[in-house]
Amino acid sequence: MRRFVQICDHPRMAHGLESLVIRHTHRIPSPKGSAGEGAAAARQFDATLASVGFKLSAEALERLSGLSEAAVVHTAKRTLRTVSEMVGDHVRHNSYFIDFPANVPDTEEFWMRCVTKALADDASRGNVLTQLAHGVLDLLTLPTYGRYQHTYEEMLAAQDELIASAGDRVTVLHLGRDLDDELTDLYLALAGSTTPLGDDRLGDLRILAERCALGPQPESIPVRENRAIVNEARLAVGADPLLDTVVDVLRLACAVSGGDVTLQEPTRFRGFPRPVRRKLLAGLDAVVAANPAGLADVPAYREPFKRLGERLHPHEYPQWPCAADVFAVARGEKEARSFDSRFEKLLDASDVLGAVRLLKSAPGKLFRALDLLLRVAADQAERDAVVTAAVETAPEVSGRVVLSVREHFQNRERASDQPRIFVNRRGRGWVVADARPQVPAADRDRLITALDAEMRRRLPAPGRLLLDPDVLDVALPLSGRATAGGLGVLPRGSISAVDGEQLRFFVYWKQAEKRTDYDLSALLLHTDYSTDDWLSYTSLKAVGGKHSGDVTEAPDGASEFINLSLDRVRSTFIVPQVNIYAGEGFEETEESFFGFMVRDGEQKGRPFEPRTVRMTSELRGVGRVALPLVFRREDDGRWRAKWLHLYLRGISSANRVEENQMSVSKVVRALVEREYLTVRYLVGLMSDGGTAVEVWDSETVLDEPVTYIGLERPERLPAGSRVVTLENLRDLIPG
């Protein structure tokens, strides 16, 4: 059941721990090997790296040149495999039309060409004639539709070679320290992150924690999901887990069972060995004995705790009575009113002042309830009490939450008729009308001023601050789940310039078990977000754009491309999307990723050229429609990208750009018009404190450590410098 059209009416551990370090830090762990004459091999390695858009730093090239040729080759093999995967060049990107983007036919012409060939084929003629008699045709029944008609090698032979351009991407690989030191540093950075990590980085943290559980540990692990991963590793080596609350124990049980440590998805608990049961029960007993009020956290997770109790058998361990109380609360045999229920009762009684007093004991909850409290307050005196409580408790709230609330109130200045967008932890987005009453402007401004002052107080003195201006409009990564794994990926809400004349999207997928058909499409929108046109398998050409052709199965992997000449596109917005037409979801395929390339003028080359790739992003969301980013033409005529990282629910099959254009338009409008806190905001606070900000210049002579903030690490920074790039941008968020 595929492609029915009206005939007459068309509208990693895979490559070792070195790979992990390279992916996260863009550093090559200091190569090992005997000394020798490796200069020629090192230069050849550097030249090969250039073909995929990378190069060695001067220090790395010098280090490799002093090693034996065998040592250089060993390092080169591992590194090339890793960077090829990072940029998406580890697979074969074929295109349905062999010389794409040249000679792409009109859609109807292409379909008729497929019909003509089918009628000339004895095996398919009868079926096609029957379908034509009924006026509806299943394109999949045509022998030449949806399946590559040429080999990858034949496609390469039909394409001109890429002519190098100064605009091609060059990502520098720096020389790192010894592998053990690099792994320890990376573990400390991920485990001690002040913001939640994405699923891919949580997986990497698990690998690192298994190796580093008995070594140096972060001073604190503020993110509870990270703590669960670390505790799992500590448990495996016989160390005591780090537990503060009963929910910490629940997360640890989920981790040991291979479940969801975020507690968003239900976990099927395994049968625990007796030593693990004892550790979990002892942990529960200790945290409740130290803080009996912690039992109030149990009702929010009643069902998971009940299932956990069935696995732990607390009745067999009378020496830990406080642990038994946890499961008694979960079963409803013992009362422990949750914090949220007490708060809701006070609101039901219109006791705003009482609610404020209660929430001051839980500053994080107070901050998350500020908007609600200001809206339900009966008079100015109550609103003053809310603002005063926020100011008093701000030092006790995590920097991530302070910044999130600051961003929230910044967007409350918008008109109430603008849509309100929600995005869950899995990246699924949806839009609703904003029916909330406005927060009084004076109270909102007082809060924003207070939060700015708190952030300014927390930011460390950067010393001499050097800045790459391209990083200023990168959104602060307040959650690792607001981005995706890949190369050159920016957090949701970031804005980046698109310099080039040819913009090309691509999607690659490889099905795991059943036939899977992904459709790369692009929705073109007017300034008011209404539809102008689109590119898809039903519209192979539009003004300024061409589609590479429909591929409908991917047992060996498949790619689709869309090429746009930006000077010819008349629309204001370009919205690439990946629709699941049939088969496996994004999290079920063996592999799937999206990316885009930028080329100059008439720069030729294969459909996929790694040197021109600006971004590759894993597709691993739960919806059936992926929206990685949107491109917008600004008033100055330049194009800029705003990063979305969204998934729409879609329908179970046959998702098409024609059918989802309204829902996509609403989501795009909500994200485009939302103001995100960016690096520019934090740099502004630093400069308010008297710090001078200098624009980075490679010719600048530096003789002392500096703080550098940019998209990538430059060469020749003095030892001891603090460097913040995309790979560790979360380090900017104060604790």
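K360 is partly exposed, with a relative accessible area of 34%; here buried means under 20% relative accessible area, exposed means over 50%, and partly exposed is what falls in between (1.4 Å probe, protein chains only). The structure is a predicted model, so local features need pLDDT of at least 70 and side-chain atom pairs count only at pLDDT 80 or more, while totals for chains, interfaces and linings use all residues. Residues are numbered from 1 along each chain as its sequence is written, and side-chain values use heavy atoms, with hydrogens and water left out.

Now for the partner of K360. A salt bridge joins K360 to E392, with the closest N and O atoms 2.8 Å apart; the term stands for a side-chain nitrogen of Lys or Arg within 4 Å of a carboxyl oxygen of Asp or Glu. This pair links distant parts of the chain: E392 sits in helix 19 (residues 380-393), and K360 in the loop between helix 16 (352-359) and helix 17 (363-368), 32 residues away. Helices (H or I, at least four residues) and strands (E, at least two) are DSSP runs, numbered from the N terminus. E392 also counts as partly exposed, at 45% relative accessibility.

By this rule the count comes to 45 salt bridges. In general, side chains of opposite charge can pair when their charged atoms come close. One of the bridges connects D532 and R570 (3.2 Å, N to O). D532 lies in strand 13 (residues 531-535) and R570 in the loop between strand 16 (558-565) and strand 17 (573-582), so this bridge ties together parts that are 38 residues apart in sequence. D532 is buried, its relative accessible area being 16%.

E454 and R458 both belong to helix 21 (residues 441-458) and are four residues apart, about one turn of the helix. Their closest N and O atoms are 2.7 Å apart, and both residues are buried. Salt bridges also link R224, R227, D244 and D248 in a network.

Helix 9 (residues 199-212) gives a look at how burial is laid out. With 14 residues, helix 9 reaches 20 Å from its first C-alpha to its last, close to the 20 Å expected at 1.5 Å a residue (the expected span is 1.5 Å times one less than the number of residues). Its buried residues are L202, D204, L205, L208, A209 and C212. What covers them includes helix 1 (17-25), helix 8 (179-191) and helix 10 (224-236), with contact meaning heavy atoms within 4.5 Å.
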